[in-house]
Amino acid sequence: MALHLQLLTPSTSSSSSSTSLPISRRVARRAPNINSHVNLRSVKCFSIPVKYDPKIPRRSEHYQYQPTIWDYDFVESLTSNYAGETYMDQMEKRKKDVRLMLEKALTPLAQLELIDRIQRLGIGYLFEEEIKECLQNLYNKTDDAWMKDNLYATALSFRLFRQYGFQVSQDVFKGFRQAKGDFKESIAEDIKGMLSLYEAAHLVSEGENILEQAIAFTTRHLKHLTSSGNSNIDPNLANQVSHSLEIPLHWRMQRSEARWFMDAYELQKDTNPILLELAKLNFNMVQATHQKDLRNMSRWWRNLGVAMKLNFARDRLVESFLWSMGIAVEPQYGRCREWLTKVMNFVLIIDDIYDVYGSLEELELFTDAVEKWDTKAMEKLPYYMKICFLALYNTTNEMAFETLKEQGWDILPYLTKSWANFIKAMLVEAKWCNQGYTPSLKEYLDNGWLSSSGSVFLVHAFFATKQNIRTDVLQALENNHNLLYCASMMFRLSNDLATSSAELERGDVASSIHCHMKETNASEKEAREHVRGLIVDTWKKMNGSICDSPFNLPFINMVLNLARTALFIYQYGDGLGVEDTKSKDHVLSLIVNPVQIETHKPLVNNLSHLRISHLRYLEYVCRDAAIFTRLGNQWAKISIYGSSLTHNLIYIMQGEAYMDRMAKGKKDVRVMLEKAATPLAQLELIDVIQRLGLSYLFEEEIKRSLQNIHTTDVFNGYCKHEKGAFKESITEVDVKGILSLYEAAHLVSEGENILEQAVAFTRRHLKHLIRSGNNNIDPNLANQLSRSLEIPLHWRMQRSEARWFIDAYESQEDMNPLLLELAKLDFNMVQTKHQNELKNMSRWWSRLGIATKLTFARDRLVESFLSSIGITWEPQYGRCREWLTKVLNFVLVIDDIYDVYGSLEELELFTNAVERWDTKETQKLPHYMKICFLALYNTANEMAFEILKEKDCDVLPYLTKSWANFIKAMLVEAKWCDNGYTPSLEEYLDNGWLSSSGIVFLIHAFFATNQNINTNVLLALENNHNLLYYASMMCRLSNDLATSSAELARGDVASSIHCHMMETKASEKDAREHIRGLIMDTWKKMNGSIRDSPFELSFVNLALNLARTALFIYQYGDGLGVEVSKSKDHVLSMIVHPVQTEG
């Protein structure tokens, strides 16, 4: 229904042998796992349909919103020629011209008229200081003869002064009134003056009778002029009069008004072409910014996935963004538009849950969860509410983190209180509806200004725009200052005028119109007229509340803009419920279509500068390491890989041509596997496929082949049965066989004596062959011998091994060119995917801002991503790489906090916060810890939300327990260090497998890779199955071998090497050898633990890969502490440089 605000004029008011001992004992004590805080029975994981299908009847069965007409592809297609730097010079020239105009204006009136046009054309923000200075100078002048008896000048100056916060009395209009107090009828002939008075009078406050009379007087006469069809009136002026009578300027949404006024101004005889050109140029450039903002919001909304899961609710992303534009249009307020767009999307969903979908019992549970602001309260919620709550929870916490990081303010209590107040008010209305109760108008409005959600928008807008934060300002926010109250009330009344009939039709709670009708027996027409009167009164109160407001003018304008935007959105009906013609027109005119400009510069689109040798450039970036110092100790902290590395990664292998080549190559290899002449030929082919990194492409084919070939007790024939030792004869000519036995034997489990003998036997003979310099050995085979003796194949990081073996295989005489081509092609295509993921991770890390805020900690984004590739490199596991990269970045920061930065008291507080997993605990933390905790908290919650959304599985208790166990173990080590205590090796390792953080990686990897979830698997995760324990122990032992000397040098807690030295008086060399023995024994135990593992093979490989990656990263030193030459080589070979192919 049209909201014809020209009818708002009535005056009606309303108010390791022995070496393995520590590990074996540790396992025995782990079994009870009495420290678990996760109740498996409370973690319900099960498959769900794509769309929620409730069994209970819903009110939404009576009403369904239409899907959005603005789909994702449309928003992504929005582009503008005015984005970027192309038009900046032209803008600056015109801005300079306008500044000169302001300076050279001949008269005060000419200056005011220029300011008015600047403001109405939407470019006032470009000249804020100049306008303030001009107005201040005019305000200070005592000579006002220039506006004496000039109604137009008086009204214009009054309006502009009040708009900019100057105190101006209504008495300036006394000269235009008769003795008895009425306005002189003679001034009615001054149409331009009357229009100016009409617009000025709408800045009226309560009790300003002269201005109230001015509104009535000007409205009556201006309506008469437009209805009389007076041909003597300038058509442009008549158009402006009609426009203003519909809605006065002070009430209009500024962006929409600027768009309208450009067209109107262009038709005027006194148009200033420079001003008009600047306005059009600015409109289009700001529109380009808005389009970019909207594309970002569209990606966020799509990734969030709430609209798809909660398909009963309104999906109004574009209209939500339009709403945010109305409140904060200026380009510098991008964050505010982002926050308010997110807020509106959640408001619409929650409104639909409370109005038409949720049962009363469900709504009470949801309200309780929001009031408590605790994920534990989520357990009682139905699935659709879990999705909504956790999405809202994560989004709000992320906003609070941004402000804490940048300004040091913990704003979460303010944000959460605004949401709680809104949702409690929604619950009140839901109860009214459930009980069939119609409240009085006063009772309705006492609740309705909160249920409008206006205060939610304003609290978020305040903090999103970095307003000046003082005690009185915070109190005004806390107590909902009248300015905020009135703006929220405007939201409620405007909404009711537009949507009340629709809400009543589908059984929603009564609106203000319905309440007034029931209370007074008024007709709907009379009730609507009464509500329009309330809108007029509310504007008066809002105008008056500005005077005692502690807020800055920019925020005051945002508050007013909330009221203006509500009128704009609901002027012709429910602009958020139904995407009708007017709604579409608004989007097209303000977001999609630029203003037409007669001449402009051609769009520059020259990409030739990208055609440089990026790989050479990247090598240059990675060339030199820097000298780093940290807290008086030698410590590498700053990454040598700047944003230039990730931003300049070029995706070499993309497109259908490469996909076709891949498909053909895969088909050829499948034929090879089927046609292999002998079992040995088939096994050799599988081995080569595996070592080239291609096995993930042929999993089913390999499984079938191996199932057919499977044998047992394979090595008995190579032993002397009377002694059980291996026959020395097998070493004389069969070097290839000895190497194969060496590699196979490293899959040994505890108690497999034949394999243990095989490891010792083959190592001794292979070392002898290498030292003897036997020229009869094929050089390629000799190369493989040396590499295997360094680290056996079973222990090697698979992606790195594939890269090495591609080169080695290419040198072999029996190389299969088809297989090699496929391996190279696949390596490069997978690398392309990795590069894209690294770019995304770089953007995430940059946005998170921890590296810039916690400068004492290691910044190792690229190395973290490299580690994630080591654990899971296959292309289908992109989410797992993303999660593990994030995990390792947090592990490094927390490790540096606990090892060298935090005081013991601070560490205890941080540990408690993580154990409780409660944002309220951040109040006790120092600022740097607040930043770390909230970043970790938000990231883990977002991960949990992804799984909840996809599988209806609440994995948060598992994620948080893994973090708590890791951090508690870190605290134990910090206390040892603080006390100068060196534990025994057993005591150290009992704690060290947890402080390695391996368990954190594995828990996250499990859920990130969509593993099969059942009770046995969850119990194995809960009780830290031996597979997980030993993989984590491998992380600890590998780390200690590489970094212990460095840690001791800077005063960190003792490592396993130091503990063994102190306990047994062994030399460092002997201690290191002891740890290597522990590593060997741990591999045996880990191999054996696979047999009783309930996990799928894919996750078993992830656990093994964690151990392999730890060995890889720490093989030549601390690959995460100091970015040494080997570390750089790894990055270049696996992430940056593609494998060279012939074509």
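This is a predicted model: local features need pLDDT of at least 70, side-chain atom pairs count only at pLDDT 80 or more; totals for chains, interfaces and linings use all residues.
Residues are numbered from 1 along each chain as its sequence is written, and side-chain values use heavy atoms, with hydrogens and water left out.

The chain folds into 49 helices and 2 strands (DSSP runs, H or I of at least four residues for helices and E of at least two for strands, numbered from the N terminus). Of its 1143 residues, 58% are buried, meaning under 20% relative accessible area with a 1.4 Å probe and protein chains only.

Now to the second largest pocket. Trp300, Asn303, Trp844, Arg847 and Glu942 lie nearest its centre, among 44 lining residues. Helices α11 (273-304), α14 (334-357), α16 (383-407), α35 (817-848), α38 (878-901) and α40 (927-951) each bring at least two residues to that lining.

| Class in the lining | Residues |
|---|---|
| Nonpolar (Ala, Val, Leu, Ile, Met, Phe, Trp, Tyr, Cys, Pro) | 12 residues |
| Polar (the others, Gly among them) | 10 residues |

A pocket here is an open set of points on a 1 Å grid over the protein atoms alone, with protein on both sides within 12 Å along at least five of seven lines; lining residues have an atom within 4 Å of a point.

Over on helix α29 (residues 679-691) you'll find Leu680. Leu680 is exposed, at 54% relative accessible area, the cut-off for exposed being over 50%.

Terms used
On a 1 Å grid over the protein atoms alone, a cavity is a set of points where a 1.4 Å probe fits but cannot get out, and a pocket is an open set with protein on both sides within 12 Å along at least five of seven lines; lining residues have an atom within 4 Å of a point.
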